[in-house]
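Let's take a walk through this model together. Please have the sequence and the 3D view open side by side, and follow along as each part comes up.

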Amino acid sequence: MNFINKLSAAWTSNDSLLCVGLDPDMAKLPAQFQNDPQGIYHFCREIIDATAELACSFKPQIAYFAALSAEDQLEKICAYVREQYPHIPLILDAKRGDIGATARQYAREAYDRYGADAVTVNPYMGSDSVEPYMEWRDRGVIILCRTSNAGGSDLQFLDVGGQPLYQHVARLVAEKWNSNGQCALVVGATYPEELAQVRAIVGDMPLLVPGIGAQGGDIAATVQSGKTAAGAGMMINSSRAILYAAPQAGEDFASAARRVALETRDAINLYR
């Protein structure tokens, strides 16, 4: 099963457009993991188990692991998802942006070392920075388009032949680069009008949508702007709001994470 089919099945089986981001910050982890040499792995495993039936995908951000020399724990986390929840797509958030042989090594890292179903990439160097990932035809290539950060407008709104650059990227991907049907785009929830414009350009192509939760994106506007006619087509990511949810009476960190994930999944579904 390729990435797109796996994602489509997860939207249906879990009735969810929620992507759970795995961004483990040691300073924010519960005390029992602070002095555990495998604390990142154990924490993420608990989060995965608590939220798996509510998610359409999991998205570990590689920087949080690499900064702590915890790539071995990331490998274990990816293996755990593949073994225990093989129906849930695993997205490696790496935003790689090189070309040729170097890009191919990044693709090997994502797809072969970590076994990711998809990886995020940066298109700034053009088609040469994307094509090496296409060699893995069953995997997804998720390309930055209109990002959720304010500074994204520095480049993404530059005029390119009468249209902003982010729309040019969307058209390039939809009309030229997606020949194998394996592409998706990153479009932030903080800009719902631009999200709607991208959806109009790319049709039913999946969109990875960061920016709700801690970044403050509006769920109703996000879903209404980005959903397909079938009420799907999105992986709406929430990381910190779920990972570090404040426990209520009788809850531990995993129960709190599950509660917030459930609330987020259900809030998204209200507008599908």
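With which residue does arginine 259 form a salt bridge? The partner is glutamate 251, and the closest N and O atoms of the two are 2.8 Å apart. A salt bridge here is a side-chain nitrogen of Lys or Arg within 4 Å of a carboxyl oxygen of Asp or Glu. Before we go further, a word on the ground rules: this is a predicted model, in which local features need pLDDT of at least 70 and side-chain atom pairs count only at pLDDT 80 or more, while totals for chains, interfaces and linings use all residues. Residues are numbered from 1 along each chain as its sequence is written, and side-chain values use heavy atoms, with hydrogens and water left out.

Let's stay with arginine 259 for a moment. It also forms a salt bridge with glutamate 263, with 3.9 Å between the closest N and O atoms. Both of these residues belong to helix α12 (residues 253-269), where they sit four residues apart, about one turn of the helix. Helices are DSSP runs (H or I, at least four residues), strands are runs of E with at least two residues, and both are numbered from the N terminus. As for accessibility, buried means under 20% relative accessible area, exposed means over 50%, and partly exposed lies in between (1.4 Å probe, protein chains only). Arginine 259 counts as buried at 18%, whereas glutamate 251 is partly exposed at 22% and glutamate 263 is partly exposed at 45%.

Two other residues of helix α12 are worth a look. Leucine 262 lies in this helix and is partly exposed, with a relative accessible area of 32%. Aspartate 266 and glutamate 83 are 183 residues apart in sequence, and their C-alpha atoms are 27 Å apart in space.

Now back to charged pairs. Side chains of opposite charge can pair when their charged atoms come close. By the rule given above, the count comes to 13 salt bridges. One of them joins the side chains of aspartate 93 and lysine 59, at 2.8 Å from N to O. Aspartate 93 is in strand β3 (residues 91-96) and lysine 59 in strand β2 (residues 57-60), so this pair ties together parts that are 34 residues apart in sequence. Aspartate 93 counts as buried at 5% relative accessibility, and lysine 59 is likewise buried at 5%.

Next, please turn to the second largest pocket. A pocket is an open set of points on a 1 Å grid over the protein atoms alone, where a 1.4 Å probe fits, with protein on both sides within 12 Å along at least five of seven lines; lining residues have an atom within 4 Å of a point. The volume is about 310 Å³, taken as the space filled by probe spheres set on the points, which are joined across faces, edges and corners. The lining is made of 15 residues, and Asn122, Pro123, Tyr124, Leu165 and Val169 lie nearest the centre. At least two lining residues each come from β5 (140-146), α7 (153-156) and α8 (165-177), with α8 giving the most, six residues. By class, the lining holds 10 nonpolar, five polar and no charged residues. In this scheme Ala, Val, Leu, Ile, Met, Phe, Trp, Tyr, Cys and Pro are nonpolar, Asp, Glu, Lys and Arg are charged, and the others, Gly among them, are polar.

Finally, two backbone details. Most residues other than glycine have a negative phi. Aspartate 15, in contrast, has a positive phi near 45°; this residue lies in the loop between α1 (3-13) and β1 (18-22) and is partly exposed at 42%. Serine 69 has a positive phi of about 55°, is found in the loop between α4 (62-66) and α5 (71-84), and is exposed at 59%.
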